[in-house]
Structures are given as C-alpha cells and as structure tokens.
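Subject: Structure for you to look at

Hello,

Here is the structure I said I would pass on. Please open it alongside this email and follow the residue numbers as you read.

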Amino acid sequence: MDVLDEIQSFLGCPTPDAWLQAATQDLHTLLIDHAHCEQKAAATAMSLMYRYPNHHELLIRMSRLAREELIHFEQVLTLMRKRGMEYQHLSASRYASGLRDQVSKQEPQRLIDVLIVGAFVEARSCERFAKLAPLLDEELQKFYLSLLKSEGRHYQDYLKLAERYAQADISQRVAEFRLLEQQLIEAEDDQLRFHSGTPRSVAA
C-alpha cells in the first residue's frame, strides 16, 4: 500500500466533489489559504519543539517538517506572485479549531491528541493535493503532485510520534478524531478554505 492509499484508508471520507468544484473556481482564495496553511504547519511544528524539549525524536522530526513547510510557503508565494496575486490575511476555517477543541487539556494525553490532529491535517492536505492536481493547469498540477511525498511523510511522522509517546493503543482515539474530521469536511461552510467543508453557495 503506498502512502496515498494509506491516507485514503486513514481518512473517514473523500473530499466532496462540490468542494473541488468551488476550489477550482476560486484559485485566488485557495492559494492564499494554502500559503497560510503552510505557514501555520511550520508554526505548529516549532511550537511542539518548544513545548516538549525532552522528546528527542519529536525534535528531529518537527525540525525537518518545519523547514519543509516553510519551503512550501515560499513556493506558494512565488506561484502567486507570478499570477499577479497578493498574499493577504484570511479568516481561518472551522476545521483546525474544530479539531483542536477536542484536544485534551491534560498531559500526556494532550500531546497524543495534538499529534493525532496533526496526522489528520496532513493526511487531508495530501488527499486534496491529489484530488485537485488533475483539475488544475500544468504548473499548479506539477506543484501539487510534487507535494504528495513530503505531505504524506508528515502524516506518517505525526502518527508514528503519537503511537510512540502514547505507549498504548491509540486506535480508539484516532477513530474519535476521524469521525470529527469527517463531520467537518462533509459539513457546509460559509467560505472556501483549503480545509473547509463545501461553501454553501456551491452546496446549494
């Protein structure tokens, strides 16, 4: 099983076709939010490094992940500039906050939950890159396909770290977050974001 097949089995649902339709019709918003996502992913990795300095494997994996995410951030900005698009602030989608709301406040479960959430975010990113690529122009298609390997590895890194630091079976907790993630993806959203549900204007 390759990593994309693994990810499709890990996620509770595929990206709805209506979201793909909305995304391809508004590449400006999609690319701005994609840049935000890469920036936030790097920040999340750095935050984990500062919060858990005694977790050696976490430090190594998150350091590499943060560097890769910042490179992706720069690449998205370059693509946007070539297309005459300005980088700007966007409000966040419900997706990340919806997942984070279920993270335990108590250690060590908090760390395990944060890592599981990271695995779902990276898995969904990878799945959407693969779904979007055939629908985009040649330049964006090539770029999104180039991200599959690293994003797939990021998903695996988060999940492996969760399993390591839990020192116990995490399948039940993963299943709980899988159901929540599916609900967030299949729900309607007010606006298009890279990890949003389908915008209401399209769903309607």
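Below is what was found in it, starting with how the values were made.

This is a predicted model, in which local features need pLDDT of at least 70 and side-chain atom pairs count only at pLDDT 80 or more, while totals for chains, interfaces and linings use all residues. Residues are numbered from 1 along each chain as its sequence is written, and side-chain values use heavy atoms, with hydrogens and water left out.

Helix packing

Two packed helices are described by the angle between their axes and by the distance between those axes. Helices here are DSSP runs (H or I, at least four residues), numbered from the N terminus. An axis is a line fitted to C-alpha atoms, for helices over the stretch in contact, and angles run from 0 to 180 degrees between N-to-C directions.

Start with helix α3 (residues 27–51) and helix α4 (residues 56–82). Their axes are 8 Å apart, and the packing angle is about 160°. α3 and α4 are therefore roughly antiparallel to each other (angles under 35 degrees count as roughly parallel, over 145 as roughly antiparallel, 65 to 115 as roughly perpendicular and the rest as oblique). The crossing of α3 past α4 is left-handed, meaning that the near helix is turned anticlockwise from the far one by less than a right angle. In the contact of α3 with α4 there are 19 nonpolar, four polar and two charged residues. Nonpolar covers Ala, Val, Leu, Ile, Met, Phe, Trp, Tyr, Cys and Pro; Asp, Glu, Lys and Arg count as charged, and the others, Gly among them, as polar.

Next come α6 and helix α7 (residues 138–166), whose axes come within 8 Å and cross at roughly 160°. α6 and α7 are therefore roughly antiparallel to each other. Their crossing is left-handed. The contact of α6 with α7 is made up of 20 nonpolar, four polar and two charged residues.

α6 itself (residues 109–132) has 24 residues and reaches 34 Å from its first C-alpha to its last, close to the expected 34 Å. The expected span is 1.5 Å times one less than the number of residues. Of the 24 residues in α6, 20 are buried (buried means under 20% relative accessible area, exposed over 50%, partly exposed in between, with a 1.4 Å probe and protein chains only).

Which residues of helix α2 (residues 17–25) are buried? They are Trp19, Leu20, Ala22 and Ala23. These four are on the same side of α2 because they cover an arc of only 165° around the axis, the arc being that of the directions from the helix axis to the C-beta atoms. Asp17 and Gln25 are exposed, on the face of α2 turned away from its buried side.

Two backbone details in loops

Glu107 and Pro108 are joined by a cis peptide bond, with omega about 5°. Pro108 is in the loop between α5 (94–100) and α6.

Gln167 has a phi near 55°, a positive value in a residue other than glycine. Gln167 is in the loop between α7 and α8 (171–186), and its relative accessibility of 74% makes it exposed.

Some single residues

- Arg67 lies in helix α4 and is exposed, at 51% relative accessible area. Arg67 and Ser146 are 79 residues apart in sequence and 16 Å apart in space, C-alpha to C-alpha.
- Asp5 is in helix α1 (residues 3–10) and is partly exposed, at 37%. Between the C-alpha atoms of Asp5 and Ile170, 165 residues apart along the chain, the separation is 21 Å.
- Gly12 is in the loop between α1 and α2 and is partly exposed, at 30%. Gly12 and Gln75 are 63 residues apart along the chain, and their C-alpha atoms are separated by 30 Å.

Regards
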